[in-house]
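Please read this note with the model open beside it. The points can be taken one at a time.

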Amino acid sequence: MPKEESTPKKGVSRRDFLKIGGTVAAAAQVGAAAGAGLSAGRDPSTLTGWQHLGDNTQFVDRRPLEIDGLPYEIVGETRRPAEVESVFGRGGLIMRGMMSEMRSRRPPGPEAGGEKSRPEPEKPPEAVGDIPPEAAPSYGPPRMKMPAPDRFGPALTEYYRKFPDIYELDKVRMESILPRKRQDTAKYGDYYTLIDAWSACWSTGVPITEPPEISDFKTGGGMGGGRRIREPVPFKSPAHASRLIKKVAHHFGAAMVGIAKMNPDWCYDHNLRGSGDRGFWEVPKHWKYVIAFGVPHQWEQVNSNPNCGSSFDAYSRATIAAQRLENFIKELGYPARRHSPMDGYDLIAVPFLVAAGLGQQGRHGIVITPEAGSNFRAAFVTTSLPMEIDKPIDFGVNEFCRDCRICAEICPSRSISFEDNNEKMTTRGYRHWEINQTSCFNYWMQSMGGLGCRLCLIACPYSRKNNWVHAMAREIDTRDPTGLANDGFTWMQKTFFKWPKAEEYLPPPDGRFATFREPPEWLKTGNYLDIPFLDPTKGE
Amino acid sequence: MITGTSIFFLIAGALTGLVIPAAAAGARDLGLGMRWWKWLLAGAWYLLLLFFVFMDFTIIGEGEPAAGMKMLLFQGVILIILGVGLVRVLRAGRKRKSS
């Protein structure tokens, strides 16, 4: 037998080396996929647009999604929103009614022959630093008595007669929720020191103090501001105007922009800003177009709603974008007025956002956009500048919301409907998803941190970081006519992603002031501040 | 992070140049009698593995570690089931050849 055949070969053959190398390479590829995935998930450029400016933030091509006409079915006589219909408008009327009630019950003063009923007012502190902490702004007096429904002005009395359940909810808020909020703030407030500071620091409002026929025709503040606007500079075409306005709006800080025609049905009928009159007003003739835009929230903080998030970051950014855009249009000689979270609105947001093609109204009553889902805050500029308008879009939100219901399940105040569809929901003649705004507002008044809730906004499966996983899901879902993708993604969302149950977001002892996700480390008071606090999330 | 750079993806792609000839050599040694459709199935399984891993770690990276791990587990089971089926299909040719 030849010697070579009887002696086994030593070492690894080239063939085996190739196979081992290939196996190692395959394992390395799997590891590389994991590393690349981690990197893609953490990438800050996937934060849906707030952190960089430019028209690339509105990255979904809306042309294939456009529809003719509004997605709202008109099922009755349409009209403008009245003051009593809004929780904020009603809040002012309630406070005035309560003050009036208190005055009427007060014993007559010494000038009327009665005993002195009020102590002398304390001398105001000489400097802000002298204000004792107890005198810091709170959520109203500790004990309040809601007057009977017929003790308010005629509009509110009539409203409460028609909707006694809303009177009960308002009463619960004034008599029970607000006093309890004071107690919770006294007990747990220190735990929320950083989020309170984060929320309060965004103040950017510049109140509008003149009516539209004056303020809309004056250039903005700053150097050379306050003069009458120049003669309008003609554009080459409305399409050019539209294109330019959208471009600059993006650079001013708007992640998404659309343009709609004015519809007076969607303007409040009371409290025109700057008019000094709480009563009815006609929509100014120069409000012909509405530029609608949205600015997303900072992702990490909004993800820790409701108790460690804030509305005010996006409020502020949207307001600044609106101020800039208003000034820009005025500098070109066209009257303009901003409507923004910090400067106030004379119109309601949702229908104009829908009409301008930014998104569709979801089950939770707010707008879902293809780019940011519901994670954004809206602002508007009304103007006479002729522009090409956008069409509403349909990317399957109605069908998605019909099946999903995550927002309804997670809502701590049960304000969002579980109904299969919105056929029984009509607001001022328009059919669309609606929520119980009063019970929603009542929960705002219970939550800690930056005031508000925003849970539905962040729990919506459309509100996700803009990385490739969610972009792929969005692309598939909006183009799948069978609904299978919709069902599959909803199942995945509910199966793999977990969050606290609705009642856990309530104050102790019913809940534990839970947050949707852990707050970012930079909003955890204990990580930075040397103060004692009770942590309600741990049952303290 | 290196994993977010172009050079990383270049290197990761270049590794494919090692995996493919190694797979071919392994299949020959095992006598699997590879045909184009077998390569297609094996390649699809491998791509699915990379896709699932990439997806799940993206979910982990965006701050949802629990969801990412659950998906990894769920998809791991799917991959194992598909892998067992794939091995049977690949080995079927070998049995016929030996008989």
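1. Basis. This is a predicted model, in which local features need pLDDT of at least 70 and side-chain atom pairs count only at pLDDT 80 or more, while totals for chains, interfaces and linings use all residues. Residues are numbered from 1 along each chain as its sequence is written, and chains are lettered from A and ligands numbered from 1 in the order in which they are written.

2. Chain B. Four helices and zero strands make up the count for chain B, and along the sequence the pattern reads α-α-α-α. Helices (H or I, at least four residues) and strands (E, at least two) are DSSP runs, numbered from the N terminus. Chain B has 99 residues, of which 18% count as buried. A residue is buried if 20 or more other C-beta atoms lie within 10 Å of its own, exposed if 12 or fewer, and partly exposed in between, with C-beta atoms placed from the backbone.

3. The contact between the chains. Chain B gives 31 residues to the contact and chain A gives 31 residues. Two residues are in contact if their C-beta atoms, placed from the backbone, lie within 7 Å. On the chain B side, helices H1 (6–14), H2 (16–30), H3 (36–61) and H4 (65–98) each supply at least two residues. The largest share, 11 residues, comes from H3(B). By class, the chain B side has 21 nonpolar, six polar and four charged residues. Here Ala, Val, Leu, Ile, Met, Phe, Trp, Tyr, Cys and Pro count as nonpolar, Asp, Glu, Lys and Arg as charged, and the others, Gly among them, as polar.

4. H2(A) against H3(B). How do the axes of H2(A) and H3(B) cross? The axes of helix H2 (residues 14–42) of chain A and H3(B) come within 6 Å and cross at roughly 35°. Axes are lines fitted to C-alpha atoms, for helices over the stretch in contact, and angles run from 0 to 180 degrees between N-to-C directions. The crossing is right-handed; a crossing is left-handed if the near helix is turned anticlockwise from the far one by less than a right angle, and right-handed if clockwise. Residues of H2(A) including Ala33(A), Gly37(A) and Arg42(A) take part in this contact, as do residues of H3(B), among them Leu50(B), Phe54(B) and Gly61(B). The contact of H2(A) with H3(B) has 14 nonpolar, six polar and two charged residues.

5. H12(A) against H17(A). Within chain A, the axes of helix H12 (residues 397–404) and helix H17 (residues 484–496) come within 10 Å and cross at roughly 45°. That makes H12(A) oblique to H17(A); angles under 35 degrees count as roughly parallel, over 145 as roughly antiparallel, 65 to 115 as roughly perpendicular and the rest as oblique. Glu399(A), Phe400(A), Asp403(A) and Cys404(A) of H12(A) meet Asn486(A), Asp487(A) and Thr490(A) of H17(A). This contact has two nonpolar, two polar and three charged residues.

6. A three-stranded sheet. Chain A has an open sheet of three strands in the order S1-S9-S8, with antiparallel pairing. Strands S1 (73–74) and S8 (426–427) of chain A stand at the edges with a single partner strand each, so one side of each has no neighbour in the sheet. S8(A) pairs with strand S9 (residues 430–431) of chain A over two bridges; two strands pair if DSSP finds at least two bridges between them. Arg428(A) is in the loop between S8 and S9 of chain A and has a positive phi of about 45° although it is not a glycine.

7. Buried places in chain A. Is Gly373(A) buried or exposed? Gly373(A) counts as buried because it has 26 C-beta neighbours inside 10 Å. Strand S4 (residues 336–339) of chain A is covered on both faces, with Ala336(A) and Arg338(A) buried on one side and Arg337(A) and His339(A) on the other. Of the eight residues of helix H14 (residues 437–444) of chain A, six are buried.

8. Cis peptide bonds. The bond from Asn305(A) to Pro306(A) is cis, with omega near -5°. The bond from Pro508(A) to Pro509(A) is also cis, with omega near 5°.
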